[in-house]
Amino acid sequence: MVKVTIIGATGQVGSYAAHSISQIPHVKEVCLFGREGNQVYLEGLSRDLRDSFAARGTNTRISWSCDEKDLRGSDIIILASGVARKADQTRLDLAVSNAEIVALYAEKISRTASDTLLFVVTNPVDVMTGVALKYSNLPPHRVFGLGTHLDSMRLKSCIAEFFNVHVSEVHTRIIGEHGDSMVPLWSATTIGGIQISNLPAFSRLPQEEMIERVKTSGSLIIRSKGSTVYGPGDAIATIIRTLVEDEHRILTVSAFIKQEVHDIGSVCIGVPARITRGGVFPVPIKLADDEVEAFRASTEQIREVTRRVFEILEKRDESS
């Protein structure tokens with residue numbers, strides 16, 4: 001039985017994720033964690049969720065806290081705290097402001113919950129996963145981010161719609177940055193077990209339009225309704241279920257890679273990884289030549305932004 005703590009539970013993604021995660025059978029407790037001053041909201045949210053649990057017959061304990069000591073005992077901590085992205089912002093625009101928040105919480109986790117799995121949702125998620133890894137002092141397999149999991153699901157939906165097949169028949173991945181330099185793996189895409197390039201309709205597939213739709217989906221939703229909620233919330237819950245039930249599924253998340261992908265590494269970025277109760281383990285893969293170059297470029301971009309963010313955080317640490 002597992003305790004899942006959500007840091008940033010007062011946000012829309014965090015609160016919906018709590019609702020979705022509570023339906024996983026082996027999750028015994030969901031702790032809503034927020035910053036000091038949010039006690040009234042957290043109490044109201046916890047009562048609202050309890051009512052929902054009672055209505056659907058869910059036997060999950062809901063708790064809330066603003067006290068660092070209550071992070072103790074968490075099997076999985078979801079870090080979703082940070083400044084929300086505006087429609088005209090890229091995820092990388094958020095890097096510095098959110099890095100300070102992520103570093104602060106990662107240090108708290110290091111002090112009080114050093115046995116946890118740390119699941120980063122805060123954007124830009126690849127850079128923030130790197131920050132969380134550094135400041136939590138946890139081993140790499142226990143720190144990971146949402147990465148391109150949701151992007152991969154968005155592409156999967158587009159392909160299923162084009163070929164008029166059930167979405168479960170489509171297997172595809174997007175790797176690299178959760179952002180503009182993401183890399184679709186057409187070489188690893190199948191429909192019903194058939195390589196997509198072997199299907200006659202593939203020649204008419206609007207690949208560029210589909211990827212642009214995936215890239216801009218978040219911004220479009222933010223402009224239309226203020227924030228993305230259900231997509232990321234359920235994507236988070238899917239990964240939590242995979243961890244809790246030790247499914248050993250391969251999902252595309254942000255993880256620290258060494259040389260698993262064509263010897264490109266030393267950075268946290270979206271890659272296929274085996275998800276187990278013990279953590280997240282990147283899977284060595286080979287790509288088509290054009291995919292290798294695109295992934296290398298994406299990795300270099302994330303590595304450079306991460307380096308700049310670390311420099312700023314280190315100056316902050318020296319002056320404090």
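How many helices and strands does the protein chain have? I counted eight helices and 14 strands, taken as DSSP runs numbered from the N terminus (helices H or I, at least four residues; strands E, at least two).

The model is predicted, so I kept to its limits: local features need pLDDT of at least 70, side-chain atom pairs count only at pLDDT 80 or more, and totals for chains, interfaces and linings use all residues. Residues are numbered from 1 along each chain as its sequence is written, and side-chain values use heavy atoms, with hydrogens and water left out.

Entry: burial. I found that buried residues make up 53% of the 320 residues (buried is under 20% relative accessible area, exposed over 50%, partly exposed in between; 1.4 Å probe, protein chains only).

Entry: salt bridges. I searched the whole structure and got 14 salt bridges (a side-chain nitrogen of Lys or Arg within 4 Å of a carboxyl oxygen of Asp or Glu).

I looked up R111 and E68, whose side chains meet at 3.0 Å, N to O. R111 sits in helix 3 (residues 95-112) and E68 in the loop between strand 3 (61-65) and strand 4 (76-79), so the pair ties together parts 43 residues apart in sequence. R111 is exposed at 53% relative accessibility; E68 is partly exposed at 21%.

I then took E311 and R307, with closest N and O atoms 2.5 Å apart. They are four residues apart in helix 8 (residues 289-319), about one helical turn. E311 is partly exposed at 37%, and R307 is partly exposed at 38%. Salt bridges with shared partners join E304, R307, R308 and E311 into one network.
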